[in-house]
Amino acid sequence: MRRRVIAGNWKMYKTLVDTRAFFSSFLPLVAASKHCDIVVAPPFTAVSTAVDAAKGSSVAIAGQNLSWSKEGAFTGEVSAPMLVEAGCRYVIIGHSERRQLFRETDDNVAKKTLIALESGLTPIVCLGETQEDRDAGLAEAVLSRQFNGGPGALTPEEFSRILIAYEPPEEFSRILIAYEPVWAIGTGRTATPEIAAEAHRMLRRCAGAKFSVRHASALRILYGGSVKPDNIHGLMAQEELDGALVGGASLDPKSFAALVNFA
Ligand code: PGA
């Protein structure tokens, strides 16, 4: 059984005041929720405030991006050690908005994934096809290119590790993948549970071919794209879906808590 994850991506929303208000409403609503991992990715400016607000709860904080370098003359960038120092445990990498608007490439995604792992962060690597890719029958080709050029460029040991404390020893994936079809992000047009599950199976096959069946079955794959309280049931009924990466519906404490509690 893979443990589910519900992660919220706030994108460029919420001030420090908004961040404090969110956590004071949200935390009591999920205080009893031990069944899944809960992650919130605020903008960089609100990371420390979010870390303080979430202290003592099971909510982990994520960066929305990071540099592929540990330090250097890179104006405007934030490094993995800086995120760790600020209290982040996860980082989102390769979101489609970064790929489309900021020219993030598969190669950048691979470098960022590696530096995140070296710094002790859990990468949430996003990939997904556009509507044009899907219409042209290229969805699988795009996903497999993004997988193999990004997280698939890791070594098997970087990708996951064996937990010998368990009998029999268990493979534990060090990264999360988020399948986010670009046509479903922020559009209100969520993928059907069947389309999402098919893409997840295909990504798991990529992980199996690149690494091993054990690596593939330990990998947690989240679905993202217009996940809302009224469609989470159908999505989570698919056992291929190990959780969700949520944009719009993560901004409201009640709707995000509803997603956590349904997962
Ligand atoms: P959405 O965003 O839930 O608003 O579609 C998802 C995402 O961008 O991760």
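## Ligand surroundings

A backbone N or O atom of Ser-226 lies 2.7 Å from an oxygen atom of the ligand, a polar contact here being a pair of N or O atoms within 3.5 Å. This is a predicted model, in which local features need pLDDT of at least 70, side-chain atom pairs count only at pLDDT 80 or more, and totals for chains, interfaces and linings use all residues. Residues are numbered from 1 along each chain as its sequence is written, and side-chain values use heavy atoms, with hydrogens and water left out.

A polar backbone atom of Gly-186 is 2.6 Å from an oxygen atom of the ligand. For Lys-11, an N or O atom of the side chain is 2.7 Å from a ligand oxygen. There are 13 residues around the ligand, and those that come nearest are Lys-11, His-95, Glu-180, Gly-186 and Ser-226; a residue counts as near if one of its heavy atoms lies within 4 Å of the molecule.

Lys-11 is placed in the loop between strand E1 (4-9) and H1. Helices (H or I, at least four residues) and strands (E, at least two) are DSSP runs, numbered from the N terminus. Although Lys-11 is not a glycine, its phi is positive, about 50°.

Lys-14 lies in the loop between E1 and H1. This residue is not a glycine either, and has a positive phi of about 90°.

## H1 and H2

Helix H1 (residues 16-30) packs with helix H2 (residues 47-54) at an angle of about 25°, the axes being 9 Å apart. Axes are lines fitted to C-alpha atoms, for helices over the stretch in contact, and angles run from 0 to 180 degrees between N-to-C directions. H1 and H2 are therefore roughly parallel, a term for angles under 35 degrees.

On the H1 side, the contact (heavy atoms within 4.5 Å) is made by Leu-16, Thr-19, Arg-20, Phe-23 and Leu-27. H2 contributes Thr-49, Ala-50, Ala-53 and Ala-54. Six of the contact residues are nonpolar, two are polar and one is charged. Ala, Val, Leu, Ile, Met, Phe, Trp, Tyr, Cys and Pro count as nonpolar, Asp, Glu, Lys and Arg as charged, and the others, Gly among them, as polar.

## H1 and H12

The axes of H1 and helix H12 (residues 253-262) come within 9 Å and cross at roughly 25°. These two helices are therefore roughly parallel to each other.

Phe-22, Ser-25, Phe-26, Leu-29 and Val-30 of H1 meet Pro-253, Lys-254, Phe-256, Ala-257, Val-260 and Asn-261 of H12. The contact of H1 with H12 has eight nonpolar, two polar and one charged residues.

Key: Parallel < 35°, antiparallel > 145°, perpendicular 65-115°, else oblique. Polar contact = N/O pair within 3.5 Å; in protein donor to acceptor, adjacent residues only side chain to side chain.
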